[in-house]
Amino acid sequence: MIKHILQGLQGYAGAFGLISKLKLWKYFFIPIIISFVTAIIISVLAYGLSDNIGNFIAKIWFWDWGKETFTTISSFIGGFVVVALGLILYRHIIMALSAPFMSPVSEKIEAHLTGIQQHQHRNTSFSEQLSRGIKINLRNLTRELLLTIPILLISFIPVIGIISGILLFLTQAYYAGFGNMDYTLERHFKYKESISFVRRYRGIAIGNGIVFMLLLLIPIFGIILVLPLSVTAASLKTVQVINAEKLSH
């Protein structure tokens, strides 16, 4: 697992240079716009909902003593929940809608690595790539939420709650990396085969997703760079692993 996580991280080493070398920036124009618009919409909703959730949680405290303190804590918790869920929704929306634009990027990277310009893999149309992206991300969104809810509940437990932040980060990283890897996998494998592939190499998904999540912490520039760098890094490593599996067989 650790070895694969490091491989996922290493994919970013030459990502920026490769994007420029292969002239891939033009493919990221529309996804960056999608990313910006989605980020703004979710930020506005998060700002409006955090107080409402905080007030809802505060109603649990029936007593007068400590009411003000509990309300303050509730507002903080409400904000934390909204940010966590907002990040999840943001990722899956942009990754699903960007699928038709990211698949050509992945294909060009694969052609560069293998020297084969016309691949003999599955040929998919724009609509099929979009449909696949939505299907994968809806599936991942459902599973991520099922994991996130109990993790958020753990955060209320003293001492043990400290690990909830780490678990939440790694969970989000895994599904971010999953989505980035699938832009390459959709040419090679069917839906269920791709899921099995990522499970075998979940460490690479986590490693890729760790940087993805850290990039989002950078104001404005993070939103611009997150897809280009993470998709390029994931494509590099995914193609290498696919080719290694073929050679081993």
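A pocket, as the word is used here, is an open set of grid points with protein on both sides within 12 Å along at least five of seven lines, and its volume is the space filled by probe spheres set on those points. Keep in mind as you look that this is a predicted model.

**First stop: the largest pocket.** Select Val83, Ala84, Gly86, Leu87 and Leu216, which are the closest to the centre of the largest pocket among the 22 residues that line it. The space in this pocket comes to about 530 Å³. Next, colour helix H3 (29–58), helix H4 (67–97) and helix H7 (162–188), each of which supplies at least two residues of the pocket's lining; the largest share, seven residues, comes from H4. If you then colour the lining by class, you will find 18 nonpolar and four polar residues, but no charged ones.

How many cavities of 30 Å³ or more does a search of the whole structure find? The search finds one, and the space in the largest cavity is about 90 Å³.

To see its surroundings, select residues of the cavity lining, including Met95, Arg132, Asp182, Tyr183 and Glu186. Then show helix H5 (99–114), helix H6 (126–154) and H7, which each supply at least two residues of this lining, with H6 giving the largest share, five residues. Colouring by class once again, you will find four nonpolar, five polar and three charged residues around the largest cavity.

Note on methods:
Residues numbered from 1 in each chain as written. Predicted model: local features only at pLDDT ≥ 70, side-chain atom pairs only at ≥ 80, totals over all residues. Heavy atoms only, no water. 1 Å grid on protein atoms, 1.4 Å probe; cavity = no way out; pocket = protein on both sides within 12 Å on 5 of 7 lines; lining within 4 Å. Helix = DSSP H or I, 4+ residues; strand = E, 2+ residues; numbered from the N terminus. Nonpolar A, V, L, I, M, F, W, Y, C, P; charged D, E, K, R; others polar.
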